[in-house]
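Welcome! Open your viewer, get ready to select residues, and follow this tour of the aromatic rings one stop at a time.

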Amino acid sequence: MTMRLCHAIVPVQDYDLDATLDSGQVFGFRATPSGWEGSVSSCWMRLCGRDQSIEIEWMGNSTGEAVPAEILDFLGAGVSLGPILSSFPQDAVMRRAVAACRGLRLLKQDPWTCLASFILSSTKQITQIKQIYAALCLRLGDRLRAPPDAEVRHAFPLPEAVVRAGEKVVRECKAGFRAAYLVEAARRVLTGEFRLGELANLPIAEARAELMNLPGVGPKVADCVLLFTGAHAEAFPVDVWIARALRELYFQGKLVSLDQLREFAARHFGPHGGYAQQYLFHYARVHGMPWEAPA
DNA sequence: TACCAGGAGAGCG
DNA sequence: CGCTCTCATGGT
């Protein structure tokens, strides 16, 4: 059976697709002249953000078929942003961060891809993480069904492929000291020793502790996985950018420890703390630090 | 060139 | 505990 390129336009509100795909939560999407190309669960897609909609292309069996549920779920196209933004603390900092990029979204990622991505992210710039990610896809990932002009042609490798490849090959994809971590994490996921699917069912503290038993997973990476897979909306990853921003904006630049910052964040940012964090991260990254209060 | 990157682990006092 | 050092590599 021959696959065909399908096309749909999905209406959305308050959805800045460009900012969302370029916000450091996903590393497998590439901006091409035809739109953003990437994949979810071996399903190739190409996305274009319009004013009140997202244009979606994918490979289907027949014309006129519905957009695959995995893609809609990944995008969170039906999620209303209003109540989330309203739940943020009404301080000057958050108002500025939201005003700077209304429409920034959190995506709902595949747990294994997300875990692997953030194990690879440690002490790496976003551009480098994308390079490692792309190298692993090319070397070890399944071939995607994609149109002839597609630039993204491979899925992120499954745990089995990573285990089979081994540390040496993963290192050749520029993963460095993270290679051993990734292979061991893949092995535990593959054997069922670690159950990624259970994280959403556990209380956040337990889910976090489980993740931190994996090699290469500390507090920050654990929170990224909890947040970016949609398992726990209050997870608040504290990286170097967020740490700088919180110290600058809420602690007069004082040397507050990471643990203290996490504790403060859990109290201050509410049930959608992870969303608040993403707005702060984006603002800090785009505007640079320190950011001065408006006159 | 020097510094730093969406950190984590191990060793130290 | 909390601090420091190391890990691998490349962007800016």
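Which residue lies over the face of phenylalanine 177? Select arginine 178, which lies 4.1 Å from that ring centre. A charge counts as sitting over a ring if NZ of Lys or CZ of Arg is within 6 Å of the ring centre and within 35 degrees of the ring normal.

Before moving on, note that this is a predicted model, where local features need pLDDT of at least 70, side-chain atom pairs count only at pLDDT 80 or more, and totals for chains, interfaces and linings use all residues. Residues are numbered from 1 along each chain as its sequence is written, and side-chain values use heavy atoms, leaving out hydrogens and water.

Next, select tryptophan 241: the charged end of arginine 244 sits over its ring, 5.0 Å from the centre.

The structure holds 13 aromatic pairs, counted when ring centres of Phe, Tyr or Trp (its six-membered ring) lie within 6.5 Å; planes under 30 degrees apart are stacked, over 60 edge-to-face, and the rest tilted. Select phenylalanine 29 and phenylalanine 74: their planes are at 10 degrees and their centres 5.6 Å apart, so this pair is stacked. Both residues are buried, meaning under 20% relative accessible area with a 1.4 Å probe, protein chains only.

Then pick phenylalanine 88 and tyrosine 279, an edge-to-face pair with 65 degrees between the planes and 6.0 Å centre to centre. Both phenylalanine 88 and tyrosine 279 are buried.

For the last stop, select Phe236, Tyr250, Phe251, Phe264 and Phe269 together: they form one aromatic cluster.

How values were computed:
Chains are lettered from A and ligands numbered from 1 in the order in which they are written. Buried means under 20% relative accessible area, exposed over 50%, partly exposed in between (1.4 Å probe, protein chains only).
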